[in-house]
Each structure stands twice: as C-alpha cells, then as structure tokens.
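Have the structure open as you read.

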Amino acid sequence: MSILGVNGTLADAYQYANRTQKIGTGRGVSFAELAATKASRQESVEGMSFKDMWQTRFPGAYYNVMDTSKIDGSLWGRNDYPWDKYFSNNADDFVLDWKPSGAEPAMLDSKVQAKINSTIGKKAIVVPPELEEKMKNDPELVKSVMAKVEGFIAEQDIMNPNPRKGYLIALDENGDIAHACVTSEKMSVSSAEFIEARKAREEKHAEYERLAEEAALKRKLLAQETDRRYYQSKAVSIAAYEVAGILK
C-alpha cells in the first residue's frame, strides 16, 4: 500500500467532477444528490454547518478544527509524518509541531504500511479556526468549500478508481485545500505536486484570460481603425466630387 499525495494532472477530469459532483456507488451520496433528496422532503441544506454537511455527505468522516498553515509541505509529504493521527475527532496538537527524528523511512517499512492500512476506507478533514468562524455566518461559503472538497475527492476517484482509499484534507483560511494525503493500494504521488500543479493550472488559466482580453481589445481597435479609414476615405471622395462639380 502507498501514499497518494494528490496531483493535478487531470484538470479536465477535475472540472468534470466539479460539474457532476458524482463519485460512484458504494461511497455515499453526492452533495447534489443529498440536496435533491432533502428538497423532495421539503427540507433544505441552507443553514447546515460545514461539519454537519461533511459528516452527512460522508458518514463516519472525521472533523478537526486546527491551524495547519505552519506545517511545511515537505514534512507533510514524508512517509513518517503522523497524518494518521488526524483520523480522529480530537486530534492531538502534537501533529502541528511534529519534526522528523531521522531519515525518512521507505514506503514498504512495516510501520508506514501499518499507518497507511489504518486510514484506508476513512475520511478526515482539518478546518482552521479562522475558516470555521467565517462559515458560521456564510452559508454560501459553506457550500463553496464543500464543492471544492467533493471535486477533489471526485478527481482522485477518477484518477484511481480503486475504492479502497483513505482521504485526509487540510483547508486554509480561505477554504482552499492547503495539504492533502490520499492513501491507496496502487499509486504514490507527493502532496506538494498537487499544490504546484493546481497553482500552475490557475496561472495558466489567468494567462489565457489575459491573452483573450488583449486579443479582444486588438480586434476592437482594428475595427475602429478600419471604420475611421473608411469614413475618412468616403469624406475625401465626397469632397473631391463636390470640388469637381464646382469646377464644372
């Protein structure tokens, strides 16, 4: 078994997953399906806390309010980082200050494998206190953060259909995914690669938008210049015609 840290190579699949919010059978109902079911019963997810929404969407999932912003990405991606400790509703704060005591153990190390095995089939999320406070009075933010989390999980399920996975997701104060660890039997990618790939996608998207705006502006200026020359040429022609009439 191995650690699938999270990567962003399937951007299209990620976008598709965000649109459909489907994860497949045997892994609970999607948030969209949950909302539809509640609507049919004249109920609503409006006003539901993020914790309740998360644990309704993923029964038995763990929820911790902790600030993981100071954890270095290189530590989070190590085989010996104690991310298994987050799979509890009362994670010990020592995980925030954890430091390695020696060389990183191999993936096949028995202790690493035991830790991975203990998380497979489970889900855990870590919410910083600042975000928790924001979401108390912002139901739209709650839904937005939930959509990001579901999209991420759906992306990983598309990349690796093996249903036996464990998910640990740590959010930042804005509700974005800051750290993530997915345990799986087949794949292994670092968490840092996911973060960098996601930033690269966002930067590329911003660059495409900038180029599109520049191209649109150039087309507009070209059209204006063409119109100016046309009317200028027409005005010259009219003036020449009038002068010719006077000379006659």
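Predicted model: local features only at pLDDT ≥ 70, side-chain atom pairs only at ≥ 80, totals over all residues.

What is the mean pLDDT of the protein, and what share of its residues reach 70 or more? The mean is 75, and 66% of the residues reach 70 or more, where pLDDT is the predictor's confidence in each residue, from 0 to 100. Over residues 5-27 the pLDDT is below 50, although this stretch has 60 contacts in the model beyond near neighbours in sequence; a contact means heavy atoms within 4.5 Å. Residues 37-43 also stay under 50, and for them the model has four contacts beyond four places in sequence.

Residues are numbered from 1 along each chain as its sequence is written, and side-chain values use heavy atoms, leaving out hydrogens and water.

The largest nonpolar core has 24 residues, and Phe50, Trp54, Ile125, Val149 and Leu171 have the most contacts inside it. Such a core is a set of buried Ala, Val, Leu, Ile, Met, Phe, Trp, Tyr and Cys residues joined through side-chain atoms within 4.5 Å; buried means under 20% relative accessible area, exposed over 50%, and partly exposed in between (1.4 Å probe, protein chains only). Among the elements that each supply at least two residues are helix 3 (50-57), strand 3 (123-127) and strand 4 (166-171); helices (H or I, at least four residues) and strands (E, at least two) are DSSP runs, numbered from the N terminus. Helix 7 gives the most, with seven residues. A second, separate core of 20 residues includes Phe87, Met107, Leu168 and Ala170.

Leucine 171 is in contact with Thr68, as well as with Phe50, Ile125 and Val149, among others. Threonine 68 sits in the loop between strand 2 (62-65) and helix 4 (73-76), and counts as buried because its relative accessibility is 2%. Its contacts beyond four places in sequence also include Tyr86, Ala170 and His179.

Finally, look at helix 5 (residues 110-119), where Val112, Gln113, Lys115, Ile116 and Thr119 are buried. Seen down the axis, these buried residues fall within an arc of 160 degrees, so they line one face of helix 5; the arc is that of the directions from the helix axis to the C-beta atoms. Ser110 and Lys111, on the other side, are exposed. Helix 5 is followed by glycine 121, whose phi is positive, near 90 degrees.
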